[in-house]
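Have the structure open while reading.

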Amino acid sequence: MPEAKASRSFAKASVRDSEVEGHRVLLRADLNVPLDDGEVADDTRIRASLPTIELLRDRGASIVLVSHLDRPKGPDPSLSMTPVAKRLGELLDAPVKQAPAVVGDEVTAMASELAPGEVLLLENSRFEKGETKNDPALAEALAKLADVYVNDAFGTAHRAHATTEGVAHRLPGYAGLLLEQEVGQLTAVRDDPKRPLIVVLGGAKVTDKLGVIDRFLGFAEEILIGGAMCFSFFKAEGRDTGNSLVEDEGVEAAKRVLAEAEKSDTMLELPEDLVLGKKLDPGTETRELNGVDVPEDWMGLDVGANTSANFGRRIARAGTVFWNGPMGAFEIPPFDAATRAVAEAVAAAPGHTVVGGGDSVAALQRFGLADSVDWISTGGGASLELIEGRELPGVEALQDA
Ligand code: 3PG
């Protein structure tokens, strides 16, 4: 079997080992959740942050909680943390105080008045321009709000921002329970998976997954590729792609990957059949294609039944499955069939199953299979960067164990 390319266990101080009684803790969580009409549309990330919040409250800490929400360029009332505060309060069954800003005199006063067990949620950290610039003045102001820092924001750990990185150098910094588990689960897949390791990749762009493919070529037993990204591979092979979505910048990379796969021990498996549509539309004319040369005027919108059956058989034999990216346009039936089949195969697989990336997680939720997977990462970009072997600034900045 191939050897691990690298192995590094989690060596950061854990919130479990922190002494926080009577202390004020600045807790960075990733509460970047989708909103719908001013309400939280999916509270998965809020729920995922509860164990660390509960642990800190149980230990008698007061909590200054901070997160970003979406990508505002400055203050934007439609991206205020108010809906998050409301949902968090319901889940905690305890009041959550809300600060009117991220930093400033009023925030400082509110933080200093917190009693043990109380939670103060700061305003959207990206309302401060210094957040994404990792501005030292903002990091300093944040550090003054507390005497201990805990980072549980795995989904944002790949960003070197003031709330994830800058502030961690100014206070004793601990890893939250979610962050720890995420790094543990994904590092195990990357460095020490139970064999055989089957990696299932999909989604639109091969360039988004290139780092992961490079990481696993020569390491995983099999890489199964579906989703629109397969058209970059087909174009690289000189096939007809019709009107399919082809990421042209990915074609050269796909050529290189195909050549490297030839020489490696990893089997790179591309689709053998497709489901075509005239356009990306629920009522569009469709047809099945036994093969992968897409005729003119048609576009490939899902991988076919033979491909998903083949992928399913391979997934069932895996010791570890890592899945990131849908197999087709799963939001639009009938182009959801292969993503559903892969989701069902992953859910039923006897091996250890880890799923990352917003779309594959959304697919699992849509098909009611989220509870049947061993680990669902709350991180999209962060999970990919960790798997690629890149350092996550939000983790690196924490104190060593
Ligand atoms: C995410 O949703 O992936 C994280 O919250 C990070 O958000 P960002 O991509 O806007 O930094």
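## Arginine 390 and glutamate 385

Arginine 390 is partly exposed, at 45% relative accessibility. Here buried means under 20% relative accessible area, exposed means over 50%, and partly exposed lies in between, with a 1.4 Å probe and protein chains only. The partner of arginine 390 in a salt bridge is glutamate 385, at 3.7 Å from N to O. A salt bridge is a side-chain nitrogen of Lys or Arg within 4 Å of a carboxyl oxygen of Asp or Glu. Glutamate 385 counts as buried, at 16% relative accessibility.

Glutamate 385 sits in helix α13, residues 381-388. Helices (H or I, at least four residues) and strands (E, at least two) are DSSP runs, numbered from the N terminus. Setting aside neighbours within four places in sequence, glutamate 385 is in contact with His158, Arg390 and Leu392. Contact means heavy atoms within 4.5 Å.

## Basis of the values

This is a predicted model, in which local features need pLDDT of at least 70 and side-chain atom pairs count only at pLDDT 80 or more, while totals for chains, interfaces and linings use all residues. Residues are numbered from 1 along each chain as its sequence is written, and side-chain values use heavy atoms, with hydrogens and water left out.

## Other salt bridges

How many salt bridges does the structure hold? The count is 23. One of them joins arginine 45 to aspartate 30, with the closest N and O atoms 3.3 Å apart. This pair links distant parts of the chain, 15 residues apart. Arginine 45 belongs to helix α1 (residues 44-58), and aspartate 30 to the loop between β1 (24-28) and β2 (35-36). Aspartate 30 is buried, with a relative accessible area of 7%.

Aspartate 191 and arginine 190 also meet through their side chains in a salt bridge, at 2.8 Å from N to O. Buried or exposed? Aspartate 191 is buried, at a relative accessible area of 5%. Arginine 190 is buried too, at 4%. Elsewhere, a network of salt bridges links Asp43, Arg47, Arg87 and Glu90.

## Helices α1 and α2

Helix α1 packs on helix α2 (residues 82-92) at an angle of about 60°, and their axes are 11 Å apart. Axes are lines fitted to C-alpha atoms, for helices over the stretch in contact, and angles run from 0 to 180 degrees between N-to-C directions. The angle makes α1 oblique to α2. Angles under 35 degrees count as roughly parallel, over 145 as roughly antiparallel, 65 to 115 as roughly perpendicular, and the rest as oblique.

The crossing of α1 and α2 is right-handed. A crossing is right-handed if the near helix is turned clockwise from the far one by less than a right angle, and left-handed if anticlockwise. On the α1 side, the contact uses Ile46, Arg47, Leu50, Ile53, Glu54 and Arg57. On the α2 side, the residues are Val84, Arg87, Leu88, Leu91 and Leu92. By class, the contact holds seven nonpolar, no polar and four charged residues. Ala, Val, Leu, Ile, Met, Phe, Trp, Tyr, Cys and Pro count as nonpolar, Asp, Glu, Lys and Arg as charged, and the others, Gly among them, as polar.

## Helices α10 and α11

Helix α10 (residues 305-316) packs against helix α11 (residues 337-348) at about 15°, with the axes 9 Å apart. This makes α10 roughly parallel to α11. The crossing of α10 past α11 is right-handed.

Which residues make the contact? From α10 come Ser308, Phe311, Gly312 and Ile315. From α11 come Ala338, Ala341, Val342, Ala345 and Val346. The contact of α10 with α11 divides into seven nonpolar, two polar and no charged residues.

## Two buried residues

Leucine 224 lies in strand β10, residues 222-225. Leucine 224 is buried, with a relative accessible area of 0%. Not counting residues up to four places away in sequence, leucine 224 touches Ile198, Val199, Val200, Leu201, Glu269, Phe311, Arg314 and Ile315. Aspartate 240 is 16 residues from leucine 224 in sequence and 21 Å away in space, C-alpha to C-alpha.

Alanine 162 is in helix α5, residues 162-166. Its relative accessible area is 0%, so alanine 162 is buried. Beyond neighbours within four places in sequence, the contacts of alanine 162 include Gly130, Glu131, Asn134 and Asp135. Leu138, Ala139, Leu142 and Val167 are also in contact with alanine 162.
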